[in-house]
Each structure stands twice: as C-alpha cells, then as structure tokens.
Amino acid sequence: MRILLVEDTHDVGEAIIRRFETIGHTVDWETDGRAASDILDFTEYDLVILDVMLPGLDGFEILKRLRHSRNAVPVLVLTARSEIDDRVSALDLGADDYLVKPFDFRELEARARVLMRRRSGGEATNIIACGDIVLDRANRSVRVGKREVQLKRREMTLLEILATRPGRVFSKDQLLDQLFGFEEPAGPNAIELYVGRLRKKLEGAQARIVTVRGLGYQLVADVQA
C-alpha cells in the first residue's frame, strides 16, 4: 500500500524503503518533521512510519496534530528511546504501535502488515481470497486454484488493493495514488496497462476484474456476479 516514512537517519530510511518497495509497497520519504506534517494535511496514506527525533517538528507533535485533525491513518512510531514514559506517551497521543531502535526489519514488516490489515477491514490473517484467487501477504505469493501465478511488484499491489475489498469500486486516481509515489511519474494509461496485465495472468480464475464505466475497477467473484 502507500506508506509515508518520516525518518531523518538516511541509512535507516534507505533500508526501510528497500524492504517495503521490494514487497510491492509505494513509499514516500520525508526527513523533516514540519514538511511531513504538511504532506499529511493533503495526502492519504495506508500507514505512517514515524520517527520521534526529527528536525522541524518532532514525531510526538506530528502525531498530536494528526489525531487532532481526526486523521485515523495507522501510525507506527520508531524511537531510539526505550524508556517506558516515551512509549506510553506515543500510545496516548494516538500511535497504533511502536518499535524501539535498533530493530529487526522482519519485525517492522510484520507489525506493518498487522496495522494495514486493520486498516483494510480487520482481517486476522495475511491470506486474502476472492473466488479461487488466494493472495498471501506475508510471502507475497498468489495462487489461482492450484496454479501459482507470478506477479510483478505493482501487479501484486494492484491485486492486493482490489482483493482486500472485493466488490468495491476503486477509481483510477485512487489506484494511481497507491501504486505510484511522488517521485514516480505515471502515464495517463498506467492503470489500464496494469489492469490488462493482471487480467491476463488471472485468466481462468473464478473471480475477475470488472470495469465500471466512468467510475473505476472492482474485483468480483463469479459466484457473486
């Protein structure tokens, strides 16, 4: 999904971006706290990974402003301070989870998956199914019936978006926002291109991507059609 990373330590930020982009997520990275707070005023994200010690505006103040504006985006706080008071402060201000530095990137990914599952409807599993399409978010694999399907990064992300809420219509703009970051230019036909590729790879499945003219796309299981 689309993630905002607010982290001013460059080696940590670069490592986090590599990990999440490898598994198909779009990551926008900001190193200044005030700039990050401004971005959150006009951009919708599925997850915010927020460092505490930042130039411009610290993570606690960003979190306070975010919740004051009634923005419910999941926030995972990163802190180098292990004192219990700091962790309690983060949770009381509205953080959904926290992780103390240094951390194992596998744990960061796992915690992010939990928060994004809650965001998308509260599933208690990494498995998403629609018809006979089964997507495993933990190991980034897809099967149609007994057949394994090889998907590229953005194809996987597109399927995850649609399959998480089967039947919901997603507009092209919504899909563009989640598939491409600020630094990634997308052509006017980018969504049609990825939808076409995904449809071809899912041929024969008991679910299909439906074009709702003038509105967008939805994933519908055949038994519900």
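In the predicted model, four strands form an open sheet in the order 6-7-8-9, and their pairing is antiparallel. The edges of this sheet are strand 6 (127–130) and strand 9 (147–149), each of which pairs on one side only, and the twist from one strand to the next averages 25 degrees. Within the sheet, strand 7 (residues 133–136) and strand 8 (residues 141–144) are joined in the antiparallel sense over four bridges, and Asp136 has Ser141 of strand 8 as its bridge partner. Helix 6 (residues 153–164) packs on this sheet, where it touches strand 6, strand 7 and strand 8, and the direction of helix 6 makes about 110 degrees with that of strand 7.

A further open sheet consists of five strands in the order 2-1-3-4-5, with parallel pairing. Here the edge positions are taken by strand 2 (26–30) and strand 5 (97–100), each pairing on one side only, while neighbouring strands are turned by 20 degrees against each other on average, direction ignored. Strand 1 (residues 2–6) runs parallel to strand 3 (residues 47–51) and is joined to it by four bridges; Leu4 stands opposite Val48 in strand 3.

Helix 3 (residues 59–68) has Gly59, Phe60, Ile62, Leu63 and Leu66 as its buried residues. Seen down the axis of helix 3, these buried residues fall within an arc of 160 degrees, and they therefore line one face of the helix. An α-helix has 3.6 residues a turn, so residues three or four places apart point the same way. The buried residues of helix 3 pack against strand 1, strand 3 and strand 4 (75–79), as well as against helix 2 (33–42) and helix 4 (84–93). The N-terminal end of helix 3 is capped by Asp58, a side-chain oxygen of which lies 3.0 Å from the backbone nitrogen of Phe60, and helix 3 is followed by Arg70, whose phi is positive, near 65 degrees.

For Phe103 and Phe105, the ring centres lie 5.4 Å apart and the planes stand at 75 degrees; because planes over 60 degrees apart count as edge-to-face, the pair formed by Phe103 and Phe105 is edge-to-face. With a relative accessible area of 15%, Phe103 is buried, because it falls under the 20% limit, whereas Phe105, at 25% relative accessibility, counts as partly exposed.

Definitions and conventions:
Residues numbered from 1 in each chain as written. Predicted model: local features only at pLDDT ≥ 70, side-chain atom pairs only at ≥ 80, totals over all residues. Heavy atoms only, no water. Pairing = 2+ DSSP bridges. Helix = DSSP H or I, 4+ residues; strand = E, 2+ residues; numbered from the N terminus. Axes fitted to C-alpha atoms, helices over the stretch in contact; angles between N-to-C directions. Buried < 20%, exposed > 50% of the residue type's maximum accessible area, 1.4 Å probe, protein only. Arc of directions from axis to C-beta. Contact = heavy atoms within 4.5 Å. Polar contact = N/O pair within 3.5 Å; in protein donor to acceptor, adjacent residues only side chain to side chain. Phe/Tyr/Trp six-rings, centres within 6.5 Å; stacked < 30°, edge-to-face > 60°.
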